[in-house]
Amino acid sequence: MRFVVSALFLFVLFSYTDAYDPLDPNGNVTIKWDIVSWTPDGYVAVVTMNNFQMYRHIMSPGWTLGWTWAKKEVIWSMNGAQTTEQGDCSKFKGNVPHCCKKTPTVVDLLPGVPYNQQFTNCCKGGVLPAWGQDPQAAVSAFQVSVGLAGTSNKTVKLPKNFTLLGPGPGYTCGPAKVVPSTTFLTPDRRRKTQALMTWNVTCTYSQFLARKNPNCCVSFSSFYNETITPCPTCSCGCQNKNNCVKGGSKVLKMKGLNTPRKDNAPLLQCTHHMCPVRVHWHVKLNYKDYWRVKVSITNFNYRMNYTVWSLVVQHPNLNNVTQVFSFDYKPLVPYESINDTGMFYGMKFYNDLLMEAGPFGNVQSEVLLRKDKDTFTFKQGWAFPRKVYFNGDECMLPPPDTYPFLPNSAHQHLFSVLTYIAAMLIFLLLNLW
C-alpha cells in the first residue's frame, strides 16, 4: 500500500513539474466559451482562445482543438472555424448539421475565406503568436451553434476531455470550469452586455510531453580564445542520421525539396548535432564599460521555415542591455526582483521569418551590454547564457567545462618573460660572435 501511495505521489508531482516553466510560470492557453444566445434546441457560443504564454507561439499548420460532448450534442453551424470531419448525420432529414461526431476536432480557417464564413479574430490558419511578442494577435475565436443540448444554465452540460495540439503534442488541458459571465462593450462603448453563461478551459505546455529530444542546440565562441565550443554530438538525437542531406548532394536540386510533409517529418542537413536549429553565441568585443555579443540562429531543416520565431536567453547581464541592432528585444521579468531573462525576436517584414536550410536559412544580430562592475567578469564562462529557448523549447547547451575560458594570465606572463630572456641571450651571442 505504501508503494502504491508513493508511486501515485511521484506521478502527480512529475505531472505538474513537467508542465511548469520557471521562465514563464503563469504561461498557458485559455479557452473561453461564452453562450451569447439560446436556440430552440441548444445555444450559440463564442469560443475564444488566448495564448497567455510569453514566448511560446503556435506556428503553422496551426492549432487543433478537440473535446467530448457530455450528451448527444451536434454542431449545426460554425463561423471562423470548421470541424475536420462531419461524422454520421444520417438520422437527420432536411437540415443536416455541420458535425455529428461525439468527439469533434476543430481547426481554424485559412486567410481569404468568404466574408460570410469569417468571425472576429479568425482565419489565420491556426497561427497564434505569443502574448509577450504580440498581445493583440495572440487571440483566435470562432462561433458555434450547438443543438440537442441544454437550453438554460441548469440543463447545459459542459464538454469534457479537451485536447489542444499546437501544432504537435505537448499541451495538457484541464476540465472546463464555470466562471463569472463575460461582459462585452457595444461598439459605441456606452453599454455593457453579458454572456448568458461562461466556462474556461486552461491548457499548459510540457516539452517533456512534446518530444523525447531537444529541438535546438547552442554553440559558443569568443574573441579571447581560439576554441569554438560546438553543440554536443547528437544533441537532438540521431534518429534522422540515415536520412540527412550532405552538402553538395543531388537531393538539393530536386523540385519540392522545401515542401513540408503531412507528418511534419524533417529533412535535416547532416551535422554532428543533428538539430533542426542551432543558436551560436559569440563574445565579440570588450570595451571599458561595455561588451558586445553576436547572436546567430541557423536553420538546418530543409522542410521548415519559422514564422514569428522567438529566442529567449537567461543571462545575468541582460539587466543592462544597451542596444540590440537587428532583432527586437523585450525583457521578461517573471519574478520582479530578478531581471536576467530577455526575449529576442525578428523585426516585422525584415527578419521575422527564418527561412529553410540553405544560404538564407539564418538570422543574426549583435547585442551591446553595459558592464556591471560589481558582478561582471569574463572568467569561468560568465559571458555565456545559463539557458536558451528557441520557439519556447529549451535548447541543449554544451557542458560547462568546455566553454571558452580566458587564457591563464600567469602562464602568459611567464611565457613573455622567457621569450624576453631568450631574445636577449641571442642578441648577446650575436654581438660576441
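Rings of Phe, Tyr and Trp (its six-membered ring) pair if their centres lie within 6.5 Å; planes under 30 degrees apart count as stacked, over 60 as edge-to-face and the rest as tilted. The model is predicted, so local features need pLDDT of at least 70 and side-chain atom pairs pLDDT 80 or more, while totals for chains, interfaces and linings use all residues. Residues are numbered from 1 along each chain as its sequence is written, and side-chain values use heavy atoms, without hydrogens and water.

**Exercise 1.** Classify the ring pair of Trp33 and Trp69.

*Solution.* 
- The whole structure holds 20 aromatic pairs.
- In this one, the ring centres of Trp33 and Trp69 are 6.4 Å apart and the planes stand at 90°, so the pair is edge-to-face.
- Trp33 lies in strand β1 (residues 29-39) and Trp69 in the loop between β3 and β4 (74-79), 36 residues apart. Strands are DSSP runs (E, at least two residues), numbered from the N terminus.

**Exercise 2.** Decide whether Trp33 and Trp69 are buried or exposed.

*Solution.* 
- Buried means under 20% relative accessible area, exposed over 50%, partly exposed in between (1.4 Å probe, protein chains only).
- Trp33 has 0% and is therefore buried; Trp69, at 1%, is buried.
- Ring pairs join both into a cluster with Tyr43, Trp67, Phe162 and Trp199.

Notes: Helix = DSSP H or I, 4+ residues; strand = E, 2+ residues; numbered from the N terminus.
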